[in-house]
Structure formats: C-alpha cells, structure tokens
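Let's take a friendly walk through a protein and its ligand. Please have the sequence and the 3D view at hand.

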Amino acid sequence: MQTQFLSADEQSLQLGAELIKAGQVVGFPTETVYGLGADALNSEAVHAIFAAKCRPADNPLIVHIAEWNEIEPLCHVNEMARRLADAFWPGPLTMILPRKDIIPDVVTAGLDSVAIRMPSHPIARQLISLSGCPIAAPSANRSGRPSPTTAAHVLEDMDGRVPLILDGGPCSVGVESTVVSLTGDMAVVLRPGGVTPEMIAAVLGDCKIADSIMRPLKEGEAAPSPGMKHKHYAPRARMTLYEGEAQAVEKRICHEYDSTSAKEKPLILTCDAHIAAYGDRRCYSLGADAAAAARNLFAALRYADEESITRIYSESYSQSGVGLAVMNRMARAAGFDMVNV
Ligand code: TXA
Ligand code: MG
C-alpha cells in the first residue's frame, strides 16, 4: 500500500473523510498523540486498525466524537459524565460508560462498556465532522512502540500500512488522554493523562486512582483496563528510574553512568535545570517541567532506539498533577525498575 503523507488542510481533510467513509484507516493529529482512525460503526474498518497496528484483539479502542449530541446513540450517559464533559470536553479525557448495541464488538473487545472521547484538536474535530461518523482511534504507533507525537513518528511506524497520514504538527499534550471509568458509583482513573485526578476530584468531589498505575500487575491479577496488561512504551534499552532528592539522584546517576560496561551505550534522561550537572555525559533533556516532559518523553524514547542506546538512567517527577502521567509512562518504559536514592 502507498502511504500519502499530507499537510492537513481543507483538501487533505476532505480526502481523509472520503477514505474513512470508504472503510479505510487514516493517521491524524489530536492534542494528546496521533491517532489511527476508522469508522467506529464499521467493524471491517475497525479490524483494519488492529491489523495496521498489530494490536492484540483483546485491547479495546476509544471512540472519538466532535459534538455532545453524538454521544447519545453510543452509550448510556450518567450525571458524572455530564459534569466531566462540561468541565473538560473537548479535551484529553476519555470516559468509560456502559455501551449501547450500535457499537461493534471489535471496538470494545467484547466488554459491556465503551471508551468515548471528544478531542479538542481542530484537525481531529474537522475529520470527525466531515466523515459523518464517530471515529475509533488508538494511538498511531505499532503495538509496543512509544505513542507518536509528530506525524513523522506515525510515518516511521505506519509507512505502507495505511493510505493517508495527515500532518498537523507536534501534539501539545504529548501523553495519551486520561481514561476514567464511570461505570460504578465513583470515578476511577485507569490511565493518568492531561486531565489530572486532582482536576476530576475538583468537579466530582472525589475520584479514585487505580492503584496498579504505578506498579506491575501481580500474577493472576485482573487489569482494570485491558491496555494495562500489555507491555507498553518499551524502548529497546534497559531503563532505570531514580527517585529522591535532586542532587543525590544526579550523583547516583553519574556514578551508574560512569560504571556502565564499555559494551553498553548509555543515555541520561534529565531536565533543563539539571542537565549541566552531567557534564559531557550523553543526555536528553525532557524540558523545563512535568508538562514539557509529557510533550517530550515519547520522542526521547524513540531517539534512544534510533541511537541504539542500550541503557537509560532517568530522573523522576513528582507524582502530582501531570507528573503522575509522566511517571506512569516512564515506570512502564522501565518495566517498573525504580530506585529510591
Ligand atoms: O489520547 C488518546 O487517548 C489517544 C488519542 C488517539 O485519542 N488514543 C489512545 O488510544 O491512546 P489507545 O488505544 O492507545 O488507548 C486506549 C486505552 C487502552 O489502554 C484501552 O485498554 C483503554 O483505553 N480502554 C478502551 N476501552 C476500554 C473499556 N471499555 N474499559 C477499560 N479500558 C478501556
Ligand atoms: Mg496506545
């Protein structure tokens, strides 16, 4: 298959909508990460997404809508959903709600709930509106690779596998949406993202965080969200996260870096304020703060693979605000290899 790589404009969006209507898969930008979209109500089209990504069939997809009235046919809306939509839609929040029959089984991997999100990115919204259908879209990476935050990342993973990639520039949030389950009495955050648990609790009064966000699943433990049982975001390098007081962490990382075997190619993940402490050691700065780290982390992991890095020593972030989303992705990339200094 020939992949067209086009800057998103009126004409290429029209083409994207025609392809979606015809049951094809299109790569497109959202404010979180790039998505791989198809008509959510066409099960053949949704199967094609799974094939392009090599995604396991037991991992359900998010259904994207552009307007509030599009949610009614898809799921049973409750009061928590209304309030969260008021506060955070359009934006980086996905809600899990009881599904209606119109949703094909392939979208939900057979679950009786469905994930719904209204993205804020203008290109995503126009693509949904022009297509005239809800769009099922996972992140546009090959399964097991870091999520794409630029159109070039999508091309790396999807060249020859989808007919069109729309380029809308780099994503502003950089980590995938917050996934919150609203099927019980209380909201439960299954995946942290740009809308933080603190923000959700401020609207609903309370909110739980699935405790497996910052630890590996125990043997036989059921994953609260199917995506959590799959290996994610793993760079080829072995990665370790160091937590603790900044100077102690810098000292420890320098020590580990300097005692790395000559056969290895090490890299330090740090931030603008600390990079000078590492002298001429190989470093990648994730930027000024946790929000910048959210934007830059997946590009850093892709960089590590491209440079054939075999060992990553990483600083940590406070697990509050968007820092929780950054630490969740870092901990998974490190296979939960975390050291308290
Ligand atoms: O920011 C995002 O959410 C991006 C953009 C493209 O919108 N999409 C994305 O999709 O990250 P994906 O497929 O990579 O992640 C969807 C997550 C998975 O962890 C999946 O297991 C979970 O949502 N999920 C989907 N449906 C679910 C359901 N019914 N119950 C629990 N978890 C669900
Ligand atoms: Mg994904």
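The report below goes from the overall fold to the ligand site, then to the salt bridges and one loop.

This is a predicted model, in which local features need pLDDT of at least 70, side-chain atom pairs count only at pLDDT 80 or more, and totals for chains, interfaces and linings use all residues. Residues are numbered from 1 along each chain as its sequence is written, chains are lettered from A and ligands numbered from 1 in the order in which they are written, and side-chain values use heavy atoms, with hydrogens and water left out.

**Overall fold**

The protein chain has 10 helices and 16 strands; these are DSSP runs numbered from the N terminus, helices being H or I with at least four residues and strands E with at least two. Its radius of gyration is 20 Å, close to the 20 Å of the globule rule for 341 residues, so the chain is as compact as a globular protein of that length. That radius is taken over C-alpha atoms, and the rule is 2.2 Å times the number of residues to the power 0.38. Along the principal axes, the C-alpha atoms fill a box of roughly 60 × 50 × 35 Å. Of the 341 residues, 56% count as buried (buried means under 20% relative accessible area, exposed over 50%, partly exposed in between, with a 1.4 Å probe and protein chains only).

**The ligand site**

Which residues are the closest to ligand 1? They are Thr-32, Asn-59, His-64, Ser-177 and Gly-227, out of 26 that surround ligand 1 (a residue is near if one of its heavy atoms lies within 4 Å).

Taken alone, ligand 1 exposes 680 Å², and the protein buries 96% of that (areas come from the Shrake-Rupley method with a 1.4 Å probe; for residues, only the protein chains shown count as cover). Strands S4 (62–64), S6 (113–117) and S10 (188–191) are the elements that give two or more residues to the shell. S6 gives the most, with four residues.

**Salt bridges**

Side chains of opposite charge can pair when their charged atoms come close. The structure holds 17 salt bridges, each a side-chain nitrogen of Lys or Arg within 4 Å of a carboxyl oxygen of Asp or Glu. Asp-105 pairs with Arg-99 at 2.9 Å between the closest N and O atoms, and Arg-99 is buried at 16% relative accessible area.

Glu-156 and Arg-302 also meet in a salt bridge, at 2.9 Å from N to O. Glu-156 lies in helix H6 (residues 151–158) and Arg-302 in helix H9 (residues 290–306), so the pair ties together parts that are 146 residues apart in sequence. Glu-156 is partly exposed at 42%, whereas Arg-302 is buried at 2%.

**An exposed loop residue**

Lys-263 lies in the loop between helix H8 (246–258) and strand S13 (266–270), and counts as exposed at 79% relative accessibility. Lys-263 and Lys-208 are 55 residues apart in sequence and 45 Å apart in space, C-alpha to C-alpha.
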